[in-house]
Amino acid sequence: MLLCKNISKTFYPGTANERRALSNVSLNMRRGEFVVIIGGNGSGKSTLLNVVAGAVSSDEGRVYIDKQDVTFSPEHRRAAVIGRVFQDPMLGTAASMTIEENLALANRRGKRRGLGSGVTRTERALFKEMLKPLELGLEDRLTARVGLLSGGQRQALTLLMASLRDPKVLLLDEHTAALDPKTAAKVLEISLQLVREHRLTTLMVTHNMGDALRFGDRLIMMQEGRIVFEASGAEKQSLTVPELVEKFVAVGSEVLC
């Protein structure tokens, strides 16, 4: 479903600020697979997501989504098949618009837009049903401005919007990092619920090693723009946080040598 082949990216080449963000990174994800990426700051995690989304162009390599080469496809075209949730809850939604208006925009993504009016009665009923399982009371606040919502409510709404049209790839870029622990746990629970319900091919970046072990089918660790460790199946299930920390320190030392 998602294939990245030999992706490399260098920022500010030929200058004093030159930085190698990705170095020959390859990743192959099957449909419905949930992969979690961990790594320190500057390891290339978010750059990889940006390359997949089309927000950053790679210097080398190819990106395929559902066997289609999208390497040179601009970000706005990929948006029809990619859902993304950012770290900042303020991104991904329009604060001045209502909950139902935001959902309507997401529901119509990739469709031809005419001169029709606002949210239809059918859409409103659909949105109510979609919001109920979140257990945040948003189904009774459809006409509330999104800017009045809490960070957790807004992030949960962004998740629903990102998965509304069953994207071929869902990108979660440290989407709980700005939330308090209780709210972060709720948003992660909602994330897993949506991923399972829609069988979404999901790539999640996190700094939380506990979450990295609890969620996903496969764990990937990145350092200095490279994938340095992978674990899945029984190996991933048997890993503990101390073991993962030890592995993180060990591969970091190897990279620096």
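Predicted model: local features only at pLDDT ≥ 70, side-chain atom pairs only at ≥ 80, totals over all residues.
Trainee: Okay, how do α3 and α5 pack, then?

Mentor: Helix α3, residues 99-107, and helix α5, residues 151-163, pack at an angle of about 25°, and their axes are 8 Å apart. Because angles under 35 degrees count as roughly parallel, α3 and α5 are described as roughly parallel to each other. As for the handedness, α3 passes α5 in a right-handed crossing.

Trainee: Which residues make that contact?

Mentor: From α3 the contact has I99, N102, L103 and A106, and from α5 it has L157, L160 and M161. By class, the residues of this contact of α3 with α5 are six nonpolar, one polar and no charged.

Trainee: What about α5 and α6, how far apart are their axes?

Mentor: The axes of α5 and helix α6, which spans residues 181-198, are 10 Å apart, and the two helices pack at an angle of about 10°. That angle makes α5 roughly parallel to α6.

Trainee: Which residues in α5 meet which in α6?

Mentor: On the α5 side they are G152, Q155, A156, L159, L160 and S163, and these meet T183, V187, I190, S191, L194 and H198 in α6. The residues of this contact divide into six nonpolar, six polar and no charged.

Trainee: Changing topic, what volume does the largest pocket have?

Mentor: The largest pocket has a volume of about 400 Å³. It is lined by 18 residues, and the closest to its centre are A79, I82, G83, R84 and R109.

Trainee: Which elements give two or more residues to that lining?

Mentor: Those elements are α2, at 75-78, β6, at 82-85, and the helices α3 and α5.

Trainee: And how does the lining of the largest pocket split by class?

Mentor: The lining has nine nonpolar, five polar and four charged residues.

Terms used
Residues numbered from 1 in each chain as written. Heavy atoms only, no water. Axes fitted to C-alpha atoms, helices over the stretch in contact; angles between N-to-C directions. Helix = DSSP H or I, 4+ residues; strand = E, 2+ residues; numbered from the N terminus. Parallel < 35°, antiparallel > 145°, perpendicular 65-115°, else oblique. Left-handed = near helix turned anticlockwise from the far one by under 90°. Contact = heavy atoms within 4.5 Å. Nonpolar A, V, L, I, M, F, W, Y, C, P; charged D, E, K, R; others polar. 1 Å grid on protein atoms, 1.4 Å probe; cavity = no way out; pocket = protein on both sides within 12 Å on 5 of 7 lines; lining within 4 Å. Points joined across faces, edges and corners; volume = space filled by probe spheres on them.
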